[in-house]
Amino acid sequence: MAFVQRRKGPDVVGSFGLLQPLADGSKLILKEPISPSSANFSLFRMAPVATFMLSLVARAVVPFDYGMVLSDPNIGLLYLFAISSLGVYGIIIAGRSSN
């Protein structure tokens, strides 16, 4: 699959493929930037970053192992719903900024 998409596979990037998401993300960011001519450039570029960061922040309440969690499990479900509902604002900002 990596060969078809012209990217380095998990056997090449880092040990055990741990750096594969960073390699894919950097290639995606640096690859052919397309933006509408009348777009607000800064908002249009920040919309995917905001959505991605909110999805990473939502993982703070997902337990790694039995007893290994970064936050209180009682409030974790409420936190997960709140953060995941904010992710849609990235799509709204991208649509609004493209004019």
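Predicted model: local features only at pLDDT ≥ 70, side-chain atom pairs only at ≥ 80, totals over all residues.
Trainee: What do the contacts tell me about residues that lie apart in sequence?

Mentor: The general idea is that a contact means heavy atoms within 4.5 Å. Here, if you take the contacts between residues at least 6 apart in sequence, 38% of them join residues at least 24 apart.

Trainee: Where can I see such a case around Thr51?

Mentor: Thr51 sits in helix α2, and, leaving aside residues up to four places away in sequence, Thr51 touches Gly87, Gly90 and Ile91. Ile91 belongs to helix α4, which covers residues 88–97. Although Ile91 and Thr51 are 40 residues apart in sequence, their C-alpha atoms are 7.7 Å apart in space. Val88 is 37 residues from Thr51 in sequence, with a C-alpha to C-alpha distance of 7.3 Å. Further along helix α2 you will find Ser55, whose C-alpha atom is separated by 7.7 Å from that of Ile83, 28 residues apart along the chain.

Trainee: Why does Ile91 count as exposed, while Thr51 and Ser55 count as partly exposed?

Mentor: Over 50% relative accessible area a residue is exposed, and from there down to the buried range it is partly exposed. Ile91 counts as exposed because its relative accessibility is 60%. Thr51, with a relative accessible area of 28%, is partly exposed, and Ser55 is partly exposed too, at 40% relative accessibility.

Trainee: How do I read a pocket, and which residues line the largest pocket here?

Mentor: Rolling a probe the size of a water molecule over the atoms shows where empty space is left. In this model, about 520 Å³ of space lies in the largest pocket. The lining has 13 residues, and the closest to the pocket's centre are Gly25, Leu28, Ile29, Pro48 and Val49. By kind, the lining residues divide into eight nonpolar, two polar and three charged.

Trainee: Which helices supply the lining, and why does the pocket lie where it does?

Mentor: Helices α1 (20–30) and α2 (41–57) each supply at least two residues of the lining, with α1 giving the most, six residues. The largest pocket lies between domain 1 (1–31) and domain 2 (36–98) because both domains give residues to its lining.

Conventions: Residues numbered from 1 in each chain as written. Heavy atoms only, no water. 1 Å grid on protein atoms, 1.4 Å probe; cavity = no way out; pocket = protein on both sides within 12 Å on 5 of 7 lines; lining within 4 Å. Points joined across faces, edges and corners; volume = space filled by probe spheres on them. Helix = DSSP H or I, 4+ residues; strand = E, 2+ residues; numbered from the N terminus. Nonpolar A, V, L, I, M, F, W, Y, C, P; charged D, E, K, R; others polar. Domains from an automatic or database assignment. Buried < 20%, exposed > 50% of the residue type's maximum accessible area, 1.4 Å probe, protein only.
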